[in-house]
Amino acid sequence: MKNMKYPIIYHPSYDIPLPENHRFPGTKYSALIKELETLGLIENYQKYVPKPAIAAHLSVAHDPVYIRAIETGNLSKQQQKKLGLPWSDALLQRSFLAPNGTLLAAQLALQTGVACHAAGGTHHAHWDFGAGFCVFNDLAYAARALIAMKLAKRILILDCDVHQGDGTASILSNDRDIFTCSIHCAENYPQKKANSNLDFSIPRGSGDVEYLPVVAQSLKDIDRINFTPDLVLYDAAVDVHNNDKLGLLKMTSDGIYQRDQVVLSHFKDRQVPIATTIGGGYGETHKEVAQRHSIIFAAVQSVFHN
């Protein structure tokens, strides 16, 4: 519907302070909101603010012992190194907010057809440890929570981050009602891949011409196996971009826009609600990363407002 405002979920506490030379762009979340305001895209969205998740709820996807270690800030140096983020009160706050941001996006998408989380996609977090800048796994948490709340029976997680969603695949390996599909760079992190329900490995150095047909094939394969979800959680990450510092692929911004349009249109045509997360994106400046992350919001406007 042309005049409908779709949900955008964001919290000012998503930003985290990090050393200047740190690879993770800790303030990309507020930078993304500023970019959406500059582009005029924010006018198409209704803002929602998540509340922090509580430990009992997070335990659907994580070991209570690990959750308690996060709550109390009792991560060992080895655990912090694996996580890749220095401990701070801001990180603690964001860690409990962001999973509920994805859950809220999913709940709202079930009502409106689409909703966008201006964070999320923390797919390297495993059952009992964090890794790759990911504390808790918002995708696994949201999917299991929705099913436990009886808001959905079957959920598809479509992960287009350049890095494989190993934590998501591992946590959900025995969940028959949650289907995981990861499209990622074969040679990239993590070194040891998990087994998603469907995995598509893209060779290092691939660009739009090689990448986009794989996305189309993944959607055909999901249709072919006859997994019809009640909701899609879509990790619309932008670390596949040629400018990305950690990506190893050579996608253009236009290619990412086409990817997002294809995915959104596919599920809109099938009347399957879709909730988006921004996933990974790493660059020389937070503004450039924010510009890339704005692509999914532009694609939603294109697909759902026409």
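In strand β4 of this predicted model, I155, I157 and D159 point one way, whereas L156 and L158 point the other way, and all of them are buried. Buried here means under 20% relative accessible area, with exposed meaning over 50% and partly exposed in between (1.4 Å probe, protein chains only). In a regular strand the side chains alternate between the two faces of the sheet. Because five of the five residues of β4 (residues 155–159) are buried, the strand is largely enclosed by the rest of the structure. Strands (E, at least two residues) and helices (H or I, at least four) are DSSP runs, numbered from the N terminus.

Residues are numbered from 1 along each chain as its sequence is written. Local features need pLDDT of at least 70 and side-chain atom pairs count only at pLDDT 80 or more, while totals for chains, interfaces and linings use all residues; side-chain values use heavy atoms, with hydrogens and water left out.

Strand β4 is paired with two strands, where pairing requires that DSSP finds at least two bridges between them. Five bridges join β4 to β5 (residues 178–185), and the two run parallel; within β5, F179 is the bridge partner of L156. Strand β7 (residues 231–235) is likewise parallel to β4 and joined to it by five bridges, with L231 of β7 standing opposite I155. Together with helix α7 (residues 166–171), β4 and β5 make a right-handed β-α-β unit. Right-handed means that, with the strands pointing away from the viewer, the path from the first strand over the helix to the second runs clockwise.

The charged side chains come next. The structure holds eight salt bridges, each defined as a side-chain nitrogen of Lys or Arg within 4 Å of a carboxyl oxygen of Asp or Glu. One of them joins D175 and R144 at 2.8 Å, N to O. This pair links distant parts of the chain, 31 residues apart: D175 is in the loop between α7 and β5, and R144 is in helix α6 (residues 138–148). With a relative accessible area of 19%, D175 is buried.

A contrasting case is D63, in the loop between α2 (55–58) and α3 (64–72). D63 is buried yet has no salt bridge, and the nearest side chain of opposite charge, R144, is 11 Å away. A polar atom of the D63 side chain does, however, lie 2.9 Å from the backbone nitrogen of V65. Not counting residues up to four places away in sequence, D63 touches W127 and D128, contact being heavy atoms within 4.5 Å.

Within helix α3, E71 and R68 lie three residues apart, about one turn of the helix. They form a salt bridge whose closest N and O atoms are 3.4 Å apart, and E71 counts as partly exposed because its relative accessibility is 34%.

E288 is buried at 18% relative accessible area, and R292 is buried at 2%. D244 joins E288 and R292 in a network of salt bridges. The buried residues of α10 pack against α1 (28–39) and α11 (295–304). Seven of the 10 residues of α11 are buried, so this helix is largely enclosed by the rest of the structure; among them are F297, V300 and F304.

Terms used: Lys, Arg positive; Asp, Glu negative; His and termini not counted. Polar contact = N/O pair within 3.5 Å; in protein donor to acceptor, adjacent residues only side chain to side chain.
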